[in-house]
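Subject: Structure for your set-up

Hello,

Please find the structure below. My notes on it follow.

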Amino acid sequence: MTTSVAPSITMAWESFDPMRVTPLTHTFTEHPLLQREALVELGKRCRGTNRWYSFASGVEPGTDFDEAAALYPSRQSAVASLSAIEDAKAWVLLRHIQADPTYRTLVDEAFEPILDQIERVDPGVYYRAGWIFSASPNTCTPFHIDRSHVLLCQVSGTKTVYVWDPTDRETLDDRVRDDFHARHDLSRAKWQEAFRERAHVFHLKPGTGVYMPLTSPHMVETSTDASRTISFTYNTAATRRMGRIHVLRDALRRMGLRAPPVGSHIVFDSAAWAASSALIALGGPGGHPPACPSLRRALRYAVDD
């Protein structure tokens, strides 16, 4: 299925900085693949896979994101929740939609028109992916970080997105990012209510969104409306380098050695990138799960991890 007008994502591309949180607008709200009936069918096709994740309302900003489903189990299936999300008291994520042939076209529709704009300042785009979030009123996406750049597009309903700068070490320090890149471990990412005062705050409505750089901490709260959102994510040569530096920092710390803050010592960062690249090529730290496969292979599309 296609729309009559090609969907698009618009930002201030002339001043785009890949490490700066930036508002955006988009035209995906009426896309047929993002309407309820289509998502229910996608949910059915995701049965028996790890391409969906769901939990019940009650989750708070400080809930462990990876444990939310176990701590707040949904009383109904993801498909049932998607069918009546307004009353489901649930949060449902359809992951890696690019694994579905139909939805891979949607991911490509998002990226192809903006690829040149991204590549101009952040070359080596790879590992593109899509993630669709459906949430009942008054639900929360816990405080966490992601391993890719994120283009978050609000499709229906309203929500408030809190985002912190990826360089904000008072919110999350380098060690949290070391743990995350090396072992997908977010146990040190502890929420504090005081963080709200430091955040970029976006009150999203359909047709609006926000660009969030790699490992920008974020937390989301829906309003009294049900919400539907799609995120388009990707990596670049720079994010791959950053991830590998964090992996090497993690390995050094486990040996009892201390590394300088990321970005503060060019020579160390260059050496860390080279050493980590060699270790990953040999299947060492960062070269296998739970580290992201993107650190080892520059695939066009993300893979289930």
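Which residues touch the most other members of the largest nonpolar core? They are L151 and F232, in a core of 36 residues. Note that this is a predicted model. At least two residues of this core come from each of helix 1 (36–45), helix 3 (78–83), strand 4 (90–94), helix 4 (101–111), helix 5 (115–121), strand 7 (149–156) and strand 12 (227–235). The most, 5 residues, come from helix 4.

Setting aside residues up to four places away in sequence, L151 touches I9, M11, L24, F111, I114, V210, Y211, I230, S231, F232 and Y234. Another core, of 15 residues, lies apart from the largest one; V59, Y126, F133 and A302 are among its members.

On the sheet: 8 strands form an open sheet in the order 1-2-10-7-12-5-4-3, and the pairing is antiparallel. Strand 1 (9–10) and strand 3 (52–56) are the edge strands, each pairing on one side only. Strand 1 runs antiparallel to strand 2 (residues 22–26), and 2 bridges join them. Within this pair, T10 stands opposite T25 of strand 2.

H181 is part of helix 6 (residues 174–183). Is H181 buried or exposed? H181 counts as buried, because its relative accessibility is 3%, and the cut-off for buried is under 20%. Beyond its neighbours within four places in sequence, H181 is in contact with L214, T215, G243, H246, V247, A291, C292 and L295.

Regards

Notes: Residues are numbered from 1 along each chain as its sequence is written. This is a predicted model: local features need pLDDT of at least 70, side-chain atom pairs count only at pLDDT 80 or more; totals for chains, interfaces and linings use all residues. Side-chain values use heavy atoms; hydrogens and water are left out. A nonpolar core is a set of buried Ala, Val, Leu, Ile, Met, Phe, Trp, Tyr and Cys residues joined through side-chain atoms within 4.5 Å. Buried means under 20% relative accessible area, exposed over 50%, partly exposed in between (1.4 Å probe, protein chains only). Helices (H or I, at least four residues) and strands (E, at least two) are DSSP runs, numbered from the N terminus. Contact means heavy atoms within 4.5 Å. Two strands pair if DSSP finds at least two bridges between them.
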